[in-house]
Amino acid sequence: MFKGQPKGLYALAIANTGERFGYYTMLAIFMLFLQAKFGYDGKVASQIYGIFLAAVYFMPVLGGWLADKIGFGKCVVTGISVMFLGYLCLAIPTPASTLGLMLMLLALLLIAVGTGLFKGNLQVITGNLYDDPKYSARRDSGFSLFYMAINIGAMFAPSAATAITNNFLAKAGLVYKADVPALAHQCLGGSADAAAKLQAYMGQMPGQDIVGTMDPAAFSNYYIEHLSTAYNMGFAIACISLVFSVIVYFMTRQWFKHADVNAKQAAKSTENVVELTPKQTKERIVALCMVFAVVIFFWMAFHQNGQSLTWFARDYTTATAEGWVRIGFNIWALFLIAVSVYTLFGVFQSKSAGSKIITGFATIALWLVAAFIYFGLPEVMDIQPQLFQQFNPFFVVALTPVSLAVFSGLASLKSKKHPEGMEPSAPKKIAIGMFVAALGYLIMIVASTGQASPSELNGLVSPDPVVPHFLISTYLVLTFAELLLSPMGISFVSKVAPPKFKGLMMGLWFAATAVGNYLSSIPGLLWDNVPLWANWAVLMALCVIAGAIMVSMLRRIEAATK
């Protein structure tokens, strides 16, 4: 799994892990922040969220175009600097005024521009490591490991955001309650019913010496102000994580400096640049654009984690966890389980008896510590909606070695009909991934059966919420789809893109993601206008249609990229 990879892979992956930790910490609470601070309904909040995600993933087009001219490394460093300024602006507590809104929008713009300069170009440098024939056969597995490292950062992000939020709320004598932000805004809007409901929540706050002297309107302002500030402090974590990324990048630069060359720079050196005919260049670009068009629908469905799936977690899922599922809401237990997957694989992949014994004992030790944590958890755990977002990266980290083993096994199954092995090509994996994603939303349709529509709840939580298992299962299935599509797609682009357009083509991969991210706001627009199950049915249908289109284009794509 790790054997035979260029050491530059690990340097770039760790640098990216730090940046992604900050980004996903921010994203875990961003939708909740929008609605808590500004009182936006689902339509407005999902539009801001969708436009921001679209900008984040569209900017790599400009970043890639610029890098093809001035160099990948220069763009990466500039991108980190711009992102730092963006997160710093987002971390500044401001009132819910025009000034506060403008500062937030400026922060989002800086984060999007910085990400555009950083994200795609770092991945192009990673891909360039595999242009060396010594490593070329390990490109797909390398990008799977790179993708796994990203998700280590993402896995810890929701828990970090939750810990920061809870800490600052506690200092103000408050605790998080999903109903309170919506009720507070309704109360400030003059709703006597909301004010009456808030009275019950005010009695549940630990800081009665503070809260006990307030009327519902004063409490509403107090709660919104301190919850918003708590979220601001969560955003500040991203600044710290970027400092970590910069340090790693410069300390290990010698490991990947040789891969930090675009076609223009390589032509001036002794490096050999693969020359393609105009026809080959056109065919490859067309094939890549076909793939880009299809994956739009995957990202539209996948990036519901920060909005409609989080709303479902907040409004339709129990706020407590019981039984074995409790372990999923303790990040350290999840981390130990994820690491144990790798040590368990080490038992079977190690060549010496000593290594097998060491990895075997390590696996057992990790399981024992995880069990110790589990049995020390309260019988009923309070959980917050953003914590569900840690399941997707956890599954990515834990299942990456499984997917690599499966694909490696298929690659070794050679025959006259399949002389190169039976591992599916990257385009085939993408097609399969679309159908798998559709199954994830089938689970959500089942979970939503019999539930009141969001408009009927009017911003409050369901009186009959479902158990967390439905959302966890959905994230598991969507992760299977993601592993088939995302790392394989990035690897495919880095391999097939014409040398002179590597930065631009990687940027267009993210542009397709950007379009999908913007379209991810559609369920938000539908949220208050259709039955709950209909949101998931739309996403499921689009995944099936996109998968069928991909299957119909497979021959042309594979022929153009050989």
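## Second largest cavity

Helix α4 gives the most to the lining of the second largest cavity, with three residues. This is a predicted model. The volume of this second largest cavity is about 50 Å³. Elements that give two or more residues to its lining are α1, α3 (72-90) and α4.

The lining residues of the second largest cavity are F33, K37, C89, L90, I92, T94, G100, L103, M104 and N232. By class, six are nonpolar, three are polar and one is charged.

## Largest cavity

The count comes to four cavities of 30 Å³ or more. The largest cavity holds about 300 Å³ of space. It is lined by 25 residues. Closest to the centre of the largest cavity are Y24, Y57, Y147, F302 and E482.

Several helices share in this lining. At least two residues each come from α1, α4 (98-129), α5 (139-171), α11 (278-302), α15 (391-412), α18 (469-496) and α19 (502-519). Helix α5 has the largest share of the lining of the largest cavity, six residues. By class, the lining of the largest cavity has 14 nonpolar residues, eight polar ones and three charged ones.

## Nonpolar core

The largest nonpolar core has 177 residues. Within this core, M26, F30, F52, F219, F329, W509 and W536 touch the most other members. Helix α1 (residues 7-38) gives the most to the core, with 17 residues.

Take M26, one of those residues that touch the most other core members. Leaving out residues up to four places away in sequence, M26 touches F52, Y87, L90, L108, I111 and F235. F52 is also among the residues with the most contacts to other core members.

## Salt bridges

The whole structure has three salt bridges. One joins the side chains of E19 and R20, at 2.7 Å from N to O. E19 has a relative accessible area of 1%, so E19 is buried. R20 is at 0% relative accessibility and therefore also counts as buried.

Another salt bridge pairs D315 with R314. Their closest N and O atoms are 2.8 Å apart. Are these two residues buried or exposed? D315 counts as buried because its relative accessibility is 5%. R314 is buried too, with a relative accessible area of 14%. The cut-off for buried is under 20% relative accessible area.

K197 forms a salt bridge with D193. The closest N and O atoms of this pair are 3.4 Å apart. Where do K197 and D193 lie? Both are in helix α7 (residues 192-202). They sit four residues apart, about one turn of the helix.

K197 counts as partly exposed, at 35% relative accessibility. D193 counts as partly exposed as well, at 48% relative accessibility.

Methods
Residues numbered from 1 in each chain as written. Predicted model: local features only at pLDDT ≥ 70, side-chain atom pairs only at ≥ 80, totals over all residues. Heavy atoms only, no water. Salt bridge = Lys/Arg side-chain N within 4 Å of Asp/Glu carboxyl O. Buried < 20%, exposed > 50% of the residue type's maximum accessible area, 1.4 Å probe, protein only. Core = buried A, V, L, I, M, F, W, Y, C linked by side-chain atoms within 4.5 Å. Contact = heavy atoms within 4.5 Å. 1 Å grid on protein atoms, 1.4 Å probe; cavity = no way out; pocket = protein on both sides within 12 Å on 5 of 7 lines; lining within 4 Å. Points joined across faces, edges and corners; volume = space filled by probe spheres on them. Nonpolar A, V, L, I, M, F, W, Y, C, P; charged D, E, K, R; others polar.
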